[in-house]
Amino acid sequence: MSAPPPRQRVREAFERAAASYDGAAVLQRQVCDHLLADFDPSPEPNSILDAGCGTGYGARLLRSRWPGAHLTAVDFAPAMLALARDDADVCLAADIEALPCRDASFAAWWSSLTVQWCDAEKVFGEARRVLRPGGRLALSTLGPDTFHELREAFSGIDRYRHTLSFSEPPVIGTALAQAGFADIRLHRQTLSLHYPDLKSLLRAVKDIGANSVGEGARAGLFGRSAWQQVQAAYERHRTPAGLPARYDVILAYARK
């Protein structure tokens, strides 16, 4: 699995982004909708854990789908969790790599666009631990084609990392199997958003807290000439809808 950024750095980025997140999280809402559309556990879950709940959009979807279920929302960014408090029965400020929950306490475990920030092996181990026998898992994460245009635009400028390192679907499937899950199903799809210019695109990424890339990131600012080169390189990808930001979305479902 790809190494995630330092946990404290990620937490701080999402803390800062809490106020701007909902206004910028267009793609994140789309992915939640896709994840729920193919999640059909039987029997219907009476207790659900939303792991990495953010501001609560996924929790609201789950509440709408299964209004009788007891919903626990977990996020390690308190400012995010504060915005989700009305959407769950219990809110826990905690890391999904080490859940403060009893063994076998949930019928379903859900996580949308959170695992890429974590040690997936730890997350999947915890998911299996807190699920009851036969419990169901649903998660979304991002694959290596995410931000392809952005990486290409920066590639001729420097050798620093400008995005996370994302895992291929088979790697996700193998990690789930090694954690002890069965009936694993993986789906992959590409979603794109479009922006009028590169500054707007990068601002949207920052506004959802997704600008922490871990070791190998550039420490200083670009000079004017380098920035103009990046803009020119990205302009080659322009479509009638604007500059694209590609998301390589992986949806995974499994049973304990």
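**Exercise 1.** In this predicted model, state which residue forms a salt bridge with Arg 185 and what parts of the chain the pair ties together.

*Solution.* Arg 185 pairs with Asp 38 in a salt bridge, with 3.1 Å between the closest N and O atoms. Arg 185 belongs to strand E6 (residues 182–195), while Asp 38 sits in the loop between helix H2 (26–37) and strand E1 (47–51), so the contact ties together parts 147 residues apart in sequence. Next, accessibility: Arg 185 has a relative accessible area of 36% and Asp 38 one of 33%.

**Exercise 2.** Classify Asp 40 and Arg 65 as buried, partly exposed or exposed, and locate their salt bridge.

*Solution.* The N to O distance between the two side chains is 3.9 Å; the cut-off is 4 Å, so the pair counts as a salt bridge. Asp 40 lies in the loop between H2 and E1, and Arg 65 in helix H3 (residues 57–65), so parts 25 residues apart in sequence are tied together. Asp 40, at 62% relative accessibility, is exposed. Arg 65, at 32%, is partly exposed.

**Exercise 3.** Find which strands are tied together by the salt bridge of Asp 183 and Arg 255.

*Solution.* The side chains of Asp 183 and Arg 255 meet at 2.6 Å, N to O. Asp 183 is in strand E6 and Arg 255 in strand E7 (residues 243–255), so the bridge ties together parts 72 residues apart in sequence. Asp 183 is partly exposed at 47%, and Arg 255 is partly exposed at 26%. Elsewhere, salt bridges with shared partners join Asp 145, Glu 168, Arg 188 and Asp 248 into one network.

Definitions and conventions: Residues are numbered from 1 along each chain as its sequence is written. This is a predicted model: local features need pLDDT of at least 70, side-chain atom pairs count only at pLDDT 80 or more; totals for chains, interfaces and linings use all residues. Side-chain values use heavy atoms; hydrogens and water are left out. Helices (H or I, at least four residues) and strands (E, at least two) are DSSP runs, numbered from the N terminus. Buried means under 20% relative accessible area, exposed over 50%, partly exposed in between (1.4 Å probe, protein chains only).
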